[in-house]
Structure formats: structure tokens, C-alpha cells
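This report describes selected local features of one protein model. Please consult the sequence and the structure while reading.

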Amino acid sequence: MSVLPNHADGSILSRLLDRRACVRDVASAATDGGFVLLESIISITLITIIMAALGVFYTSTMQTSNHLRHDQSAAQIADNAIEAVRAIDPTSVLSGRDLASVTAENSTAPSMVTTNWLSTMSVASDSHAAVGAGRVACPSASACALLPTVPTVQVISGLNYSQSYYVGSCYRALTNPATDCSPTGASGYISYLRVVVVINWAENTCAGGQCYYVTNTLVSPSANPVFNLNSAPPPAPNATQPSDQTSAVGDTVNLSLTASSGVPPFTWTAANLPAGLAMSSAGVISGSPTTAGAAKTVTVAVTDAFLRTDTATFTWTVLPPLVAAQPADQASTWHVAISNLTMNASGGTSTGYAWTDPSHTLPPGLSLSSGGVISGTPTATGSYPVTLTVKDSANRTDTTSFNWVVSYPPLTASQSNVTSTVNASTSLTLTASGGSGSYTWSDPSHTLSATGLGLSISSAGVISGTPTVSKAYSVSVLVTDATASLTKTVTFTWTVVTLPSVISPGNQAGTIGRPVNVP
């Protein structure tokens, strides 16, 4: 790079030389001018993107910060409301909250309050309050409500916060107070008033543009207890003496023990219970004995809230289980009396067994005595599934089942050989026994109407007709008992004979004393 001379005099030559130098510099820089412009455009674009991102981040940060600030304000309002509730005399929490106002308030409660809180408690109101009194807040208990049934508004930093109270009654178990409330209670439950405070404000970051902050507290409506430290302590627990127990294997046991004094809650324990039984801490012995045996001495102990203990002893006998013996399946004949059948049982009290046929399963005509004896005459055939029940003197029961078949007696019929005379009218009545007694006779093979025999048989079993040819005939007839579905074939021989004829020798004469021989 050359150094130009310094023309301090500012002559025209000096100025021309400077301009030439400038022209050379501009010409040398013309090649890089396009790149400088491109770099400037890219830089401006990147700066624009970064600024836009910073704007979104700033906006999101501000929204989050605002939401947290609003949450903190709502929490502070709710905490102050809860502290105010706790400062109220518990007996005045419901003052002025009339039923109509409470019902109207509950009907418009937000869903999370209805689901999580109102469902766990029952409606509570001031039965002496005038209708509509609960819709007005007042600083002290009078004709208006200390906890109004309409929202009140607080303004913080220009934002409106709506504050609502929901009050109901609920119950907690005395033995398990850590459990949540339930709308109903029973013996062993403590009644509470639950106050739910709901803070609501409008904000776009929440669902539907509405934000909620919910908290609650439990208040005991009972008056504060007064303790007299100089009074004598309550008496120690006294376990009520249970009677001696007798059970059988398989019985369901549910024995509750009690204490006549002491300070609840009580805790119970037991020693030497029969196998299969257990005692709960509430004093209930339950289960089913599993092993029979002689009487065992059981000791139970009760401890009250002051850790004082009392014991009681009694015996527990476990009998064998009541078992109805299983008889063999039975078979009987229709209209024939049975030999008495005796049912048997064992176990239980071993005495006082009583038998019944509660579903009337025995065949018709048979009966069961209380002593377990089955007797009678079957009057209908068939197969009968029988189930009988036995009960001991302690009302334990067992059943036994078997099958009883009642059949008709076998059908029997027979006939000895028959002889009749040719051309002589004849009649024979056949007989049968067994079955139902309703018989029908027939000659399916037509052996009676064979050529020469010329006989027929009626349905009643009467054979009649006039044989015309002397001969020995084989007869086969059938008797049917349709009711009993039985048949019997009767076979015999029917012989037809010709009567002998006598030829006259003519008139004869004889002499006294002389022999006679006339063929």
C-alpha cells in the first residue's frame, strides 16, 4: 500500500490524487458488496426469529407467574376462611343456614364439590332459621347466617375472587377415625360438621376459563368437654362372664363378648380357643370348629382405654359333626307293604334326633316317623330320588339321599292241558296274576281257530266253541298288562276225543245156574 504525499496547501493536484485513490478503493471493494448485503439480510431474519421466540417465552412466563400469584391469593383467602370457621362456636356453624337456602346452594355446586364432598355428607341446616336467612351474611349469630349460602366476593389486585361455603353432616368410625366421612352413621360412629370452602376466579389458563381452589375442615358440633381433674377415675373394665359353650365340627360360631364397665374403646384377646375359631379385637369370636374334643378352658381378656384389664374363663366343648347315615338304594313292589326301614344318624348332640321328609320325596303310600322309621305300602310305581333330613336336639341338621324304585309284581299265568269231546260245546276261563291286574287276552298266532279245533278267546280270557275234529292241538295264547307294560305267553295242549259207541248184542236168555259170557 503506497503512501500519498501530504499536500497541506490543499492544491488542486492534491485533491485529484485523493480522488484517484478513492476510486481505486471502491473498485476493489465492488466484488464483495453482494456478500455483505446477503449477510445483513440473514442477520436481520435471525434477530427477528429470536425476538419472536423471546416474546412467546415472555408471554408464557407472565401467564404462569400470574396463575401462581392468583393461586396463592385464592389459597390465602381459603385459609383465612377456614380459620374464621374454626373461630366460630361449633354450635353456631349452622346458624341462619335455613334448609331452602342450603338446598338451593347445593343444587348449583361445582361438579368437583358434588362428587368429592357433598356425596360424603348429608344435608345440614338450621331448623329454626327463617326461610332465606342463609342468603345473608352477618358478623354475629342472629337472624342471618355466619356462613352464608350465597357467594361473597373479594377483590385482590383488581381480580374478583368468589368465596362459597358448603356445610353438611357426616360420620367417622370411633375405632378408625382416619377413614373419610360417610353420610350415615351407626353405633360406634362420631358425628361431625364438614365445612367446604370454594374459591373461584376467572382465568383463561383454567378449563372453561374458571379456576377453583377447594379446601375443607371438620368441626365437632358437640360442646367442649369439661374435665374435673379431682374426680375419681371410672371403674375398671369388668368382662361379662360368658356361659359354657358347646359346638359341633362345622358349626358357624358368632359369639360377642361384652364388658359392663371401663372406658371404651375396649380391646379383646382370647387364649386356648378350639381349632378353627378366632377372636377379633372388638370381642367377637367367630369361625367354625374343625376338630372334635373334650371341653377346653378358654380365657378371654379385655383391656380398656386406660390399659386396665379383666379376664373371664369358660369351657368350650366341640362335638363330632352331625351325620345322617347313607342307606342303600331301595326297591319295592306296588301294593306290597314294605318291611320297616330305619334311618340312622351320629354325631351332634347324639340325642333327640328327629327325621323329616320336608320335600315329600318318599314314594306315595310311604311315610317317615320322627324316629326315622319308613313304613307303608307303595301305591304308585316309578323311580323316586329321596332326600331326608335329620335334626339333633340343638337344631343342627344334615341330609341323606338315595333312590327308591317301586315296580309292579311280575305277571304270571299258566294253564294245564285240556281234553274235550268232538262236536260238544266247551268253555274254559284263563286266569293270571301280578302286574296291575288289568289283563287282556289274545290268540296272536290263531292257534285256537286252527282247522278242526274251532275255538275263540275273548279279551277277558274265556275260550269257547265246538271242536269238530278229534286231535291233540298245541295252543299258545297271550295275556297283556298294558298298564304295567307286561306280557305272558301261556302254552298248553288241547286234545279233542270221540266218545266210544256200544253195539247191542241183542236180547239174551239164560238159565238159572248156568254161566253167562256175552262179549
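His360 is exposed, with a relative accessibility of 69%; exposed means over 50% relative accessible area, buried under 20% and partly exposed in between, computed with a 1.4 Å probe on protein chains only. His360 has a positive phi of about 55 degrees although it is not a glycine. This residue, His360, is placed in the loop between β17 (354-356) and β18 (366-368). Helices (H or I, at least four residues) and strands (E, at least two) are DSSP runs, numbered from the N terminus.

The model is predicted: local features need pLDDT of at least 70 and side-chain atom pairs count only at pLDDT 80 or more, whereas totals for chains, interfaces and linings use all residues. Residues are numbered from 1 along each chain as its sequence is written, and side-chain values use heavy atoms, with hydrogens and water left out.

**Backbone geometry**

Most residues other than glycine have a negative phi, and most peptide bonds are trans. Leu307 also has a positive phi, near 65 degrees, without being a glycine. Leu307 belongs to the loop between β11 (293-303) and β12 (309-319) and is exposed, at 71% relative accessibility. Pro264 and Pro265 are joined by a cis peptide bond with an omega of about 5 degrees. Pro265 lies in the loop between β7 (253-256) and β8 (267-271).

**Salt bridges**

The whole structure contains 5 salt bridges, a salt bridge being a side-chain nitrogen of Lys or Arg within 4 Å of a carboxyl oxygen of Asp or Glu. Some of them are listed here.

| Pair | N to O distance |
|---|---|
| Glu83 and Arg86 | 3.2 Å |
| Arg308 and Asp304 | 2.9 Å |
| Asp392 and Arg396 | 3.1 Å |

Glu83 and Arg86 both lie in helix α2, 3 residues apart, about one turn of the helix. Glu83 is partly exposed, at 47% relative accessible area. Asp304, in contrast, is buried at 3%. Asp251, Asp392 and Arg396 are linked in a network of salt bridges.

**Nonpolar cores**

A nonpolar core is a set of buried Ala, Val, Leu, Ile, Met, Phe, Trp, Tyr and Cys residues joined through side-chain atoms within 4.5 Å. The largest such core has 24 residues, and those with the most contacts inside it are Val93, Leu147, Val195, Val197 and Ile199. At least two residues of this core come from each of α2 (33-87), β3 (159-173), β4 (189-202) and β5 (210-219). The most is given by α2, with 6 residues. Residues in contact (heavy atoms within 4.5 Å) with Val195 include Ile82, Val85, Val93, Leu147 and Tyr165, not counting residues up to four places away in sequence. A second, separate core of 20 residues includes Val418, Leu455, Val477 and Val490.

**Helix α3**

Which residues of helix α3 (residues 99-107) are buried? They are Ser101, Val102, Glu105 and Asn106. These residues are on the same side of α3 because they cover an arc of only 130 degrees around the axis, the arc being that of the directions from the helix axis to the C-beta atoms. What covers the buried residues of α3 includes β1 (122-123) and β3. At the start of α3, a side-chain oxygen of Asp98 comes to within 3.4 Å of the backbone nitrogen of Ala100.

Notes
A polar contact is a pair of N or O atoms within 3.5 Å; within protein, one must be able to donate a hydrogen and the other to accept it, and residues adjacent in sequence count only if both atoms are side-chain atoms.
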